[in-house]
Amino acid sequence: MCNCGKKRNELTQRNIHARPANNSQHSPFNITSQPTQTVLFRYAGNTALTVTGNITRRHYRFNFPGDVQHVALSDAPAMSVIHVLKRV
């Protein structure tokens, strides 16, 4: 007869008691770092444009010609290569 459930319950109980009391400090989703530095880019194209940052993977949406967006500093070098985007 299998008693897998009993082993699973024992492991679960051990894990519950082994957790730190304040696990928010250890959470990978806890964002307490400084705000991301940004630079401005102006769109010089004719229609809308969406670009994905090569480092942050953020989506930057330029909705109309002349639209200005904040771009993470780490994404700026790759954005500078796009001929319709000009750093302000």
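This is a predicted model: local features need pLDDT of at least 70, side-chain atom pairs count only at pLDDT 80 or more; totals for chains, interfaces and linings use all residues.
How many helices and strands make up the secondary structure of the chain?

## The overall layout

The chain has two helices and five strands; here helices (H or I, at least four residues) and strands (E, at least two) are DSSP runs, numbered from the N terminus. Followed along the sequence, they come in the pattern α-β-β-β-β-α-β.

Residues are numbered from 1 along each chain as its sequence is written, and side-chain values use heavy atoms, with hydrogens and water left out.

Of the 88 residues in the chain, 18% are buried. Buried means under 20% relative accessible area, exposed means over 50%, and partly exposed lies in between (1.4 Å probe, protein chains only). A contact means heavy atoms within 4.5 Å. Among the contacts with a separation of 6 or more, 51% are between residues 24 or more positions apart.

## How the strands pair

Two strands count as paired if DSSP finds at least two bridges between them. β1 and β4 run antiparallel and are joined by five bridges, with Leu-40 partnered by His-70 in β4. β1 and β5 are also antiparallel, with three bridges, and here Arg-42 stands opposite Lys-86.

β2 (residues 49–52) pairs with β3 in the antiparallel sense over four bridges. Val-51 has Tyr-60 as its bridge partner in β3, while Thr-50 has Arg-61.

## The turn of the hairpin

β2 and β3 form a hairpin with six residues between them. Arg-57 sits in the loop between these two strands and has a positive phi, near 65 degrees, although it is not a glycine. Most residues other than glycine have a negative phi. Arg-57 counts as exposed because its relative accessible area is 55%.

In β3, Tyr-60 and Phe-62 are on the covered face, and His-59 and Arg-61 are on the uncovered one.

Which residues form the largest nonpolar core? There are 12 of them: Val-39, Phe-41, Tyr-43, Val-51, Tyr-60, Phe-62, Val-71, Ala-72, Ala-76, Met-79, Val-84 and Leu-85. β1, β3, β4 and α2 each supply at least two residues of this core, and β1 gives the largest share, with three. A nonpolar core is a set of buried Ala, Val, Leu, Ile, Met, Phe, Trp, Tyr and Cys residues joined through side-chain atoms within 4.5 Å. Leaving aside neighbours within four places in sequence, Tyr-43 has contacts that include Phe-62, Asp-67, Val-84 and Leu-85.

## Two buried aspartates

Asp-67 lies in the loop between β3 (59–62) and β4. Asp-67 is buried yet has no salt bridge, and the nearest side chain of opposite charge, Arg-61, is 7.2 Å away. For charges, Lys and Arg count as positive and Asp and Glu as negative, while His and the chain ends are not counted; a salt bridge is a side-chain nitrogen of Lys or Arg within 4 Å of a carboxyl oxygen of Asp or Glu. What does the side chain of Asp-67 reach? It reaches the backbone nitrogen of Asn-63 at 2.8 Å, and it makes a polar contact with the side chain of Gln-69 at 3.2 Å. A polar contact is a pair of N or O atoms within 3.5 Å; within protein, one must be able to donate a hydrogen and the other to accept it, and residues adjacent in sequence count only if both atoms are side-chain atoms.

Asp-75 is in the loop between β4 and α2. Asp-75 is buried without a salt bridge too, and its nearest side chain of opposite charge, Arg-58, is 5.7 Å away. A polar contact of 2.7 Å joins the side chains of Asp-75 and Tyr-60.

## A proline in α2

Pro-77 is in helix α2 (residues 76–80). Pro-77 counts as exposed because its relative accessibility is 56%. Pro-77 and Asn-54 are 23 residues apart in sequence, and 9.4 Å apart in space from C-alpha to C-alpha.
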